[in-house]
Amino acid sequence: MPVRVRFFASLRERMGQEEVQVRVDGPLTVRELWALATDGRELPPNLLTAVNLEHAELDWTVQDGDEVAFFPPVTGG
Amino acid sequence: MHVAVTAEPIEPYRLLAEHEARRAGRRAACGATAVFIGTMRDHNEGDPVQAMTLEHYPGMTERYLERLVAEARARWAIDDALVVHRVGELRPGDPIVVVGVWAAHRAHALAACRHLIEELKSRAPFWKKERLPDGERWVEHNTPGEVEEPPAGGDPARRSA
């Protein structure tokens, strides 16, 4: 199963898409997934990430079938 | 405990009254209710703001808010909590969020309420896009949650004009 990669808010607009499906060949880190999903785009400063709806760090390992989200700093409330 | 994210306009005082009614049987056990209501301002960073769109991460946001409330229950002696957050199109004056905390004593109610709104603002996946007279912009950071303490000068009520 591919990894579902989602982008939110200003990052979604910059990427020009809400999500991409990425086929992964074995486990990889969130950082490596970013590179695959964005054709090697530079990591934005203050980028936040989530794996399967939980906050995650860039060195977290992504598995087949996971949902990974990239988003800018949050501004609720 | 009640946590919700909604695209419908919210009425914080009605939500609080409804929640009070639901917990009528427990009211006598609580001597303190702390409430925070966040409302959309008509200005930000020196610019007039005409409208705002609030976006969230369906699934993750609700889960994060549930976790925050559970953590607050573990950390403070609170009896109940209510968190309702708005998403979608907002106008100045529209309520964005209501946080209510019920506890036997005020110290726990106030501390938990403060914690919930500050954690929500710094970690819960919500994003604001403002509409200004000359275009749109994403809000990049929240205003600080702390104020500078005024200089110590005794009881302000006793100060002469």
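Welcome: start at the boundary between chain B and chain A, where the count is four salt bridges, each a side-chain nitrogen of Lys or Arg within 4 Å of a carboxyl oxygen of Asp or Glu. This is a predicted model, in which local features need pLDDT of at least 70 and side-chain atom pairs count only at pLDDT 80 or more, while totals for chains, interfaces and linings use all residues. Residues are numbered from 1 along each chain as its sequence is written, chains are lettered from A in the order in which they are written, and side-chain values use heavy atoms, without hydrogens or water.

Select B:Arg63 and A:Glu54 next: their side chains form a salt bridge, 2.9 Å from N to O.

Now show both sides of the boundary. Chain B brings 27 residues to the contact and chain A brings 20 (contact means heavy atoms within 4.5 Å). Between them the chains bury about 2,000 Å², 53% of it on carbon and sulfur atoms; this is the accessible area, with a 1.4 Å probe, that two parts lose on being put together, summed over both. Highlight B:Tyr57, B:Met60 and B:Trp127, which supply 33% of the area that chain B buries against chain A, more than any other three residues.

Finally, move to B:His115 in helix H3, residues 106-123 of chain B (helices are DSSP runs of H or I, at least four residues, numbered from the N terminus). Is B:His115 buried or exposed? B:His115 is buried, at 17% relative accessible area, where buried means under 20% and exposed over 50%, with a 1.4 Å probe and protein chains only. Beyond its neighbours within four places in sequence, B:His115 is in contact with B:Arg75 and B:Trp76.

Key. Helices (H or I, at least four residues) and strands (E, at least two) are DSSP runs, numbered from the N terminus.
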